[in-house]
Amino acid sequence: MRPARLDRVCIVMMSAVGDAVHVLPVLHALNRHSPQSHITWVLQPGPASLVRGHPHVDDILLFDRTKRWRAFRDVRRELASRTFDVVLDFQVYFKAGIVTSFTRAPVKMGFDRARARDLNWLFTTDRIPPHAPQHVQDQYLEFLSALGIPNDQVVWELGPWAEERQWQRDFFSKLDRPAASIVVATSKSQKDWLPERWAEVVDVLYHEFGLESVLVGGRSERELAAERIIMERARHKPVSALGSGLRNLVGILDGSALVLAPDTGPLHIAVALDRPVISLMGYTNPKRTGPYRRFHDLIVDAYGEPGEDYPISMENRPDRMPRISVADVVERIERWRTRYAVASR
């Protein structure tokens with residue numbers, strides 16, 4: 001069932017910065033198809049800070065999971081006075097199903113039963129057709145196909161916004177050479193690379209490639225621990241921008257000559273900004289969560305065995321990130337210099 005109108009649309013995708021980035025091309029296509037659409041997004045505070053101010057996000061309803069059951073109460077209260085033409089539930093978890101049940105709309109669209117985990121399909125009225133496994137970004141674009149909206153263009157429009165450019169200029173004015181941003185850790189330890197190896201890469205970037213390393217991310221215990229090890233072991237101390245906030249992170253990545261990251265939100269931000277990114281992948285499937293359509297030649301793939309043509313799947317393979325050597329990463333940096341840095345001059 002396709003809604004007769006798309007004047008008021010509600011997005012249910014509450015968590016993960018990377019997933020929020022993947023939602024943005026859907027919003028762009030919606031706006032291109034129906035410029036009058038008003039988009040309300042139910043979102044956690046972290047990713048909300050990333051997309052706040054986006055030209056196609058009209059309203060954000062915060063789901064603060066630190067409030068536990070009160071988060072559901074607060075969102076239900078906010079949704080009680082709103083009606084929508086369609087609700088798009090991108091998140092296949094039970095908590096998203098509960099929030100979807102709070103919405104009032106004739107069409108509540110979610111994934112097919114096979115992909116809607118945690119009984120999430122019970123909370124939707126319509127389900128997009130089953131599909132073979134594919135990249136997460138393409139999965140989200142399936143919603144556009146179900147709505148009859150063209151999705152031939154994938155546009156994120158992530159910024160930086162005009163008012164953020166001065167901060168960006170001030171940040172980079174303190175560096176005397178181009179920046180290479182390093183994402184030191186992720187939300188899962190299994191995705192992280194060894195910080196002592198990052199320290200070696202920092203020195204290689206500085207002495208062999210003429211790049212100033214900038215450490216980016218949040219200020220979790222694991223990120224701070226990685227920062228300490230890198231600072232202790234690197235001969236040339238990198239610049240630390242941990243805890244700068246997601247909007248400033250956009251400015252940093254946008255101004256970087258190169259980004260190096262495991263599978264985490266900043267990787268997908270870099271892709272959205274069209275910044276060359278070296279992806280270190282071992283725990284998660286690069287064909288499903290790697291850089292979308294770009295920079296595949298810069299992936300360090302420890303997920304698959306040599307020569308393995310593995311399928312796209314949600315299977316995680318633990319304890320593989322230590323397989324990535326410093327030499328593997330340096331080889332990709334050299335590839336970046338040959339194929340991207342030279343071409344951009």
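Helix 1 meets helix 5 through D19, V21, H22, V23, P25, V26, A29 and L30 on its side and V136, Q137, Y140, L141, L144 and L147 on the other, where contact means heavy atoms within 4.5 Å. By class, this contact has 11 nonpolar, two polar and one charged residues; Ala, Val, Leu, Ile, Met, Phe, Trp, Tyr, Cys and Pro count as nonpolar, Asp, Glu, Lys and Arg as charged, and the others, Gly among them, as polar. Helices are DSSP runs (H or I, at least four residues) numbered from the N terminus.

The model is predicted, with local features needing pLDDT of at least 70 and side-chain atom pairs pLDDT 80 or more, while totals for chains, interfaces and linings use all residues. Residues are numbered from 1 along each chain as its sequence is written, and side-chain values use heavy atoms, without hydrogens and water.

The axes of helix 1 (residues 17-33) and helix 5 (residues 136-147) come within 9 Å and cross at roughly 25°. Helix 1 is therefore roughly parallel to helix 5 (angles under 35 degrees). Axes are lines fitted to C-alpha atoms over the stretch in contact, and angles run from 0 to 180 degrees between N-to-C directions.

There are 25 salt bridges, each a side-chain nitrogen of Lys or Arg within 4 Å of a carboxyl oxygen of Asp or Glu.

| Salt bridge | N to O distance |
|---|---|
| D7 and R5 | 2.4 Å |
| R82 and E78 | 3.3 Å |
| R115 and D112 | 2.6 Å |

R115 and D112 are buried (under 20% relative accessible area; exposed is over 50%, partly exposed in between, with a 1.4 Å probe and protein chains only). D7 is buried at 19%. R82, at 17%, is buried, whereas E78, at 40%, is partly exposed. A network of salt bridges links K67, R73, D74 and R77.

Definitions and conventions
Helix = DSSP H or I, 4+ residues; strand = E, 2+ residues; numbered from the N terminus. Parallel < 35°, antiparallel > 145°, perpendicular 65-115°, else oblique.
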